[in-house]
Amino acid sequence: MIAVGTVLLVLAVLFFLSMRDMTSWSNDPVALMRAVGEVSGGIAGVSLVMIVFGLIGRKAPA
């Protein structure tokens, strides 16, 4: 769960940074980045929750 959360977090950041370069081709760059920010923020939030739940569910070393 921690690994999947980490991968999703990295993908969300990469998605945001790669879409930032496409604003020059958009008719409405503000709306594009608003939508991209909402999507990448949602994915990053879910991934952080997955990481936290994965850390909580981990057993302490004996």
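## A pair of packed helices

S40 is buried, with a relative accessible area of 8%; buried means under 20% relative accessible area, exposed over 50% and partly exposed in between, using a 1.4 Å probe and protein chains only. Welcome to a predicted model, in which local features need pLDDT of at least 70 and side-chain atom pairs count only at pLDDT 80 or more, while totals for chains, interfaces and linings use all residues. Residues are numbered from 1 along each chain as its sequence is written, and side-chain values use heavy atoms, with hydrogens and water left out.

The place of S40 is in helix α2. Helices here are DSSP runs of H or I with at least four residues, and strands are runs of E with at least two, numbered from the N terminus. Across from S40, the C-alpha atom of A12 is 4.9 Å away, although the two residues are 28 apart along the chain.

How do the helices meet? Helix α1 covers residues 2-20 and helix α2 covers residues 29-56; they pack at an angle of about 165 degrees, with axes 8 Å apart. These axes are lines fitted to C-alpha atoms over the stretch in contact, and angles run from 0 to 180 degrees between N-to-C directions. The two helices are therefore roughly antiparallel to each other, a term for angles over 145 degrees, while under 35 is roughly parallel, 65 to 115 roughly perpendicular and the rest oblique. The contact of α1 with α2 involves 18 nonpolar, 6 polar and 1 charged residues. Here Ala, Val, Leu, Ile, Met, Phe, Trp, Tyr, Cys and Pro count as nonpolar, Asp, Glu, Lys and Arg as charged, and the others, Gly among them, as polar.

Now to α1 itself. This helix has 19 residues and reaches 27 Å from its first C-alpha to its last, close to the 27 Å expected at 1.5 Å a residue; the expected span is 1.5 Å times one less than the number of residues. G5, A12 and M19 are the buried residues of α1. Seen down the axis, they fall within an arc of 70 degrees, so they line one face of the helix.

Back in α2, three other residues can be set side by side. V36, V39 and A44 each lie in this helix.

| Residue | Relative accessibility | Class | C-alpha separation |
|---|---|---|---|
| V36 | 4% | buried | 9.6 Å to A12 |
| V39 | 43% | partly exposed | 19 Å to N27 |
| A44 | 18% | buried | 10.0 Å to V7 |

Along the chain, V36 and A12 are 24 residues apart, V39 and N27 are 12 apart, and A44 and V7 are 37 apart.

Methods:
Arc of directions from axis to C-beta.
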